[in-house]
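Subject: A structure to look through

Dear colleague,

Here is the structure that I promised to pass on to you. Please open it beside this message and keep it in view while you read.

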Amino acid sequence: MLQETPRTQAKAKRRSALLASAATLFARRGFNGVSIEDLGAAAGVSGPAVYRHFNGKQALLGALLVGVSEDLLAGGRSVVQAAPDVGSSLRALVAFHVDFAMAQPDVIRVQDRDFDSLGEEDSTAVRSLQRAYVELWVEVLGELLPQREAALRRLQAHAVFGLINSTPHSVPIPSRKAAAARSMLEAMAWAALTGA
């Protein structure tokens, strides 16, 4: 395995800073309300320096939403594989998604509002990754509740995503109340999925 040089480490750090800045700025102002210069300034580089990392603002949006969709799918698969049984798999998926929503409200806001600003290739990639993530939930629900039709399980998964994703970015949650909010979201999601 090749050792990263200080230069490649610095480049990766700037790329991460640009993605974080894009999430914040796009969430606050919308994709069309942010310029390349705004993105560069927020990440501590000049506007033209952004082009060393991304082909433009749309490419940055694509990297942000494709990247988070890849992370969700990989993380979901990982928690399911690590769980000892199907009930634990579902609880782990719920906890994983709540953690994501609590940590990434800006990304959720950007996905909700600016998805249509993605290029065609990135839009296709995000939809494909998100479908695979939904199907992971549908499979786990199918193992836990085999009598329930796949279409209904899919509907439940989408409804639970709506419940979880809407709360952290629509209602500010003070850090001192984060643990209680997380527990409440997990309990509500579990009840919605299982009826228990």
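What follows is a description of what was found, beginning with the whole chain and ending with single residues.

First, a word on how to read it. This is a predicted model, in which local features need pLDDT of at least 70 and side-chain atom pairs count only at pLDDT 80 or more, while totals for chains, interfaces and linings use all residues. Residues are numbered from 1 along each chain as its sequence is written, and side-chain values use heavy atoms, with hydrogens and water left out.

The whole protein

The protein has eight helices and zero strands, where helices (H or I, at least four residues) and strands (E, at least two) are DSSP runs numbered from the N terminus. The C-alpha atoms fill a box of roughly 55 × 40 × 35 Å, taken along the principal axes. Of the 196 residues, 42% are buried; buried means under 20% relative accessible area, exposed means over 50%, and partly exposed lies in between, with a 1.4 Å probe and protein chains only. The accessible surface comes to about 10800 Å², of which 53% belongs to carbon and sulfur atoms, the areas coming from the Shrake-Rupley method with a 1.4 Å probe and, for residues, with only the protein chains shown counting as cover. Among contacts (heavy atoms within 4.5 Å) with a separation of 6 or more, 71% are between residues 24 or more positions apart.

The core

In soluble globular proteins, nonpolar side chains tend to be buried together. A nonpolar core is here a set of buried Ala, Val, Leu, Ile, Met, Phe, Trp, Tyr and Cys residues joined through side-chain atoms within 4.5 Å. The largest such core holds 55 residues, and Phe26, Leu39, Leu65 and Trp137 touch the most other members. At least two residues of this core come from each of the helices H1 (6–29), H2 (36–43), H3 (57–82), H4 (86–103), H5 (105–114), H6 (120–144), H7 (150–170) and H8 (178–194).

What does Phe26 touch, leaving aside its neighbours within four places in sequence? Phe26 is in contact with Phe31, Val34, Leu39, Lys57, Leu61, Val110, Arg113 and Asp114. Leu61 and Phe26 are 35 residues apart in sequence, and their C-alpha atoms are 8.6 Å apart in space. Not counting residues up to four places away in sequence, Leu61 touches Phe26, Phe31, Val110, Asp114, Ser117 and Leu118.

Helix H4

Helix H4 has 18 residues and reaches 26 Å from its first C-alpha to its last, close to the 26 Å expected at 1.5 Å a residue; the expected span is 1.5 Å times one less than the number of residues. Its buried residues include Leu90, Leu93, Val94 and Phe100. At the start of H4, a side-chain oxygen of Asp85 reaches to within 3.1 Å of the backbone nitrogen of Gly87.

The end of helix H8

Leu193 has its place in helix H8 and counts as buried, at 0% relative accessibility. Not counting residues up to four places away in sequence, its contacts include Leu90, Val94, Trp137 and Leu141. Thr194 also lies in helix H8 and is buried, at 17% relative accessibility. A polar atom of the Thr194 side chain lies 2.8 Å from the backbone oxygen of Trp190.

Salt bridges

Side chains of opposite charge can pair when their charged atoms come close. Counting a salt bridge as a side-chain nitrogen of Lys or Arg within 4 Å of a carboxyl oxygen of Asp or Glu, the total is five. In one of them, Arg29 pairs with Asp38, the closest N and O atoms being 3.1 Å apart; Arg29 is partly exposed, at 44% relative accessible area, and Asp38 is partly exposed at 26%. Arg109 pairs with Asp106, with a closest N to O distance of 2.9 Å, and these two are three residues apart in helix H5, or about one helical turn. Asp114 and Arg113 also meet in a salt bridge (3.8 Å, N to O), in which Asp114 is buried at 6% relative accessibility, whereas Arg113 is partly exposed at 41%.

With best wishes

Conventions: Polar contact = N/O pair within 3.5 Å; in protein donor to acceptor, adjacent residues only side chain to side chain.
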